[in-house]
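This report describes selected features of one protein model.

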Amino acid sequence: MTHPMRRLVFLFACGIPWLLAAGPAGAVEPWQPFLDRLRQAQMFDMALAYLDQMATSPLCPSELKDVLDYEAGVTLMAQSRTLRAPSERAQALDAAQQRLGAFLSAHRDHPMAASATIQLANVLVERGRMKAEDAQRPVRLPDEKKQLLEEARALYDEAKKEFTRTEEHFVEALKGLPTGLIDPKDVKLIDRRAQARRDLVQARIVLATVVHEQAMTYPEESKRRKELLKDAAARFHDVFDKFNERNVYAAPFARMNEGRCHKELGDFKRAGEIFDELLLGKGDQGPMRDLKIKTLVLALQVALDPKVNKPAEAIEKYEAWLAAAPGVESNPDAMAARILGGRAYLEAARALGASDPKRTKLVASAYQTLEFVTRFPGEQQREARVLLLDPLFGKRDAPETTPTTFAEARDRGRAAFERAQVADAQDRIDLQRGVTENHERYVKEIAEGRADAKRCYQMALGMIAPETPVEDVNVIRYHLAHLCLSEEDYYDAAVLGEFLADRYPESAAARPAALVALGAFARLFNAAAPGPTKDFAHARMIAVANAITERWPASTEAADAWASLAQMAILGGDLARAREYFEKLPADAPGRATAALRLGRALWEAYLDANRADAPGAAPPPEREATLAQARTFLADGLARLPDEEEVDLAVLAAALSLAQIDLRDGKPADAAAVLENPKFGPLALVRAKRPAASGQQTIQETYKAALRAYVATRQLEKAEKAMDALEKAIQVGGDAEAAATLTRIYVALGRELQDLLESLRKEGKSQEMAQVAEGFELFLDRIAQRDEGNTFNSLYWVARTLSGMAAGFDAPGGPPSAEAEKYYKKAAAAHQKILDLAKKDNAFAPAGATWGVEVGLATCLRRLGQYDKAMNGLVDVLRQRNTMVDAQVEAARTYQEWAATPGNAKYYLFAISGGRAWQKDGRRVNIVWGWGKIAKMVSRSAKHMDVFHEARLNLARCRLEYALTLSGAERKSTLQQAERDVTVTALLYPELGGPKWRGQYDSLLKKIQELLGKKPVGLEKP
């Protein structure tokens, strides 16, 4: 694009300054038409540069010097309407407001002061439009949309007040001027009255327009919308009625907008009559021609509305305009008319039989009309391409004969390639909107377009002549690489992309081709099983990425390459290398937000994995806390960088949820709640708005779990209760039995998460944070447990499980429970008992078999409260009904083991080892309680029970050791040797010993046994 000042210099060189200075005294200087032409051509930067130039130029006419600020303000207003970015539009409006205000401050009595006042009020209108447009963006949540529309209406109300005051001012100004004939010699008085009338018409039209735009901010069928539309229609009609004979353009403009209001009210008959009146009226030049095109668009919309459905009438109007058009018109209104004309031809053809010759002619006319629109860039171009995918057209782009030249094959390939791209883009848009009816047709069109493009491009490469431009050939190579990638032909895509990037690095297609190669190797890596192919793809991907960053270090492709390398490092588990690549991304790189979110999530997962591998009671090392801090930083940075207009996908939502979980883990529940509620990316906000990315059951469950924890910890108890109820309601969609089981799992997980959090805080010595979290949960749990209505089995079970988790979080391993732990164990026991009591009163209260888990939970609390006999009785009752319930067997063994540690009860170590509470089964006497030995044997082949297996084997050896300490002599030694064999045999059969979490405990226990046996405490052999 030519720089505006350079173009301005060119215009000055062509004689513009001379024109400004030339002419007899008193002649109208040509600066106004020149500025108007620049604005009409949307050369706003040039117009502003011209005004700035004139501000210091001795050639500037005095008339222009007085209105420089006014003209700049008008130009900035016009420019703001063409800018797409909200920030740029707002900036232009701010500048317009400043320049118009400066003009009014210096020229209160200037003839253009009234117009400047109108323009200032227009700033309010433009800001209202921005709010209304922002509200309609797909990313807006319902609450956001409502708020933005309310803000827009408020701005419109303020603008209406300004325009009403201005209108009254113009009315008063006209009252002071003659109403009848004026002496023709009094030119100034004639001009003053004409200007006053023009100002009044402008003020009334703009006021009616504001009323109309305000109406459009209300729902289609709302009473308020209809009231405002009727008001606007009456205002437009009043302007037309009073000024039709005096103003040749403003009155018809008001008439057209009156028709628009009737159209939006659904009064198509009245709207059609007004549009026909204007289309048949006099004047086909200049502004009237433009007005008639706008009117035609409205008339065609009426005729094609499903409630009217008169495509033949639309065709008649369209062809009448086409015949009268002075030449090819490509402005947006003309393109909109052609789009509607193409639709009219299609709808008329669709109503005819397949064999009707008129249908063929109509389809041909539609194709010709829409194909014309595709020649011009703009929004209508994409719309026309979508309409050209209509099944009525068939495969019109397919070559009828074999291409004979490079250019012919290239052009046919390009047309097919674009057809596939348009179909793919529209299919994506439809699917995002939930429209699936055209999906199969688009998929077919995409496949056919790609196949045709590939065939034609390959033919073109076989027709290269010495005079064929190399760049044309390279574009074909790039498109072929892209097509191979879309067809999952990764090797060919990578080879073509690398060849183009290496051989022709100066080509415009080289950098995007290198990215295709990078993407091809990445997909090959992801698709391949571990082995040579995966290693090869990984190595080539790194090589291509390095080549991109070396050749084009400041390019967007280099940024994409760094992001891809970071992703590869993440996939490979090399997070240090991933951070290194990430830091090479430019701060303003488009992909930096996504890369930051990926890295943040990977660091969070690494932190969680490390915690899972911890031995019980172990404090986290400092580097792990650094990992957590880095995870938070990257996630927060990535979310902050998300563009406002970007639709949130599942990856972004998962990242936001991870950040909230980190805040919860770090004792910052208020921060977690803020993340969850964030209107742009907050998981809770998206779940409530039923966004597609937040529709999965797992996402809903995890979101409400996090919200529940955050609200409870911040003591927002009403919100917490609503989150809890919403969670239960969301789970009910799965069916009664399934929902009950799912809810139980969720509540158990919630209790476990709280327990893990409290344990982590305890290990880190964060006693204050522990107390705050616990107090918040205690208040909420008491509230839920004590409410008269709304409680279900699952809600009370969550109370019981969470209290147990809180107790365990305060309960340091080894020794009696602390005072805080004892308090919560007592509350948890009472909550469990309440459920059992309710279940006994009402058989339908608890799902079938659910009370067994409650009995086990109660037994756990009783065990830690030292009520071993009562705990064991409850467990035995459960095991009589379900002897293979592993959780109950493990709890029974723990109960025997802790019972044995009390004075005078060492015999229970034997029960913990071998089981107890014998009963008759199948004619033989067996133990109801298995004990650690049988538990380990029964779960040894179950992958999901490996933690239980290692707990059983460890405690088997521990019980022997502790029992041995109560013995003496040979019996003591023999029992210690058996404990030693328990550990060494386990190590022999399971060399990994369950990983770091368990291996350290085995090693520590073995050293203790060896020392008691008088051996050197060497522990386990090094792996």
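Asp811, Arg863, Arg864, Glu891, Arg894, Glu898 and Glu951 are joined in a network of salt bridges, a salt bridge being a side-chain nitrogen of Lys or Arg within 4 Å of a carboxyl oxygen of Asp or Glu. The model is predicted, so local features need pLDDT of at least 70 and side-chain atom pairs count only at pLDDT 80 or more, while totals for chains, interfaces and linings use all residues. Residues are numbered from 1 along each chain as its sequence is written, and side-chain values use heavy atoms, with hydrogens and water left out.

By this rule, the count is 49 salt bridges.

| Glu221 | Lys226 | 3.8 Å |

Helices (H or I, at least four residues) and strands (E, at least two) are DSSP runs, numbered from the N terminus. Asp390 is buried, with a relative accessible area of 13%, whereas Arg350 is partly exposed at 38%. Here buried means under 20% relative accessible area, exposed over 50%, and partly exposed in between (1.4 Å probe, protein chains only).

Glu408 and Arg412 are four residues apart in helix H19, and therefore about one helical turn separates them. Glu408 is partly exposed, at 24% relative accessibility. In the remaining pair of the table, Glu221 is exposed at 58% and Lys226 is partly exposed at 36%.

Val687 belongs to helix H31 (residues 683-688) and is buried, with 8% relative accessibility. Leaving aside residues up to four places away in sequence, Val687 touches Ala694, Ile700, Thr703 and Tyr704, contact meaning heavy atoms within 4.5 Å. The C-alpha atoms of Val687 and Thr699 are 8.3 Å apart, with the two residues twelve apart along the chain.

What lines the largest cavity? Its lining consists of Leu664, Gly667, Pro669, Arg709, Ala713, Leu757, Val773 and Phe777. On a 1 Å grid over the protein atoms alone, a cavity is a set of points where a 1.4 Å probe fits but cannot get out, and lining residues have an atom within 4 Å of a point. Helix H32 (697-713) and helix H35 (767-786) each supply at least two residues of this lining.

Notes: On a 1 Å grid over the protein atoms alone, a cavity is a set of points where a 1.4 Å probe fits but cannot get out, and a pocket is an open set with protein on both sides within 12 Å along at least five of seven lines; lining residues have an atom within 4 Å of a point.
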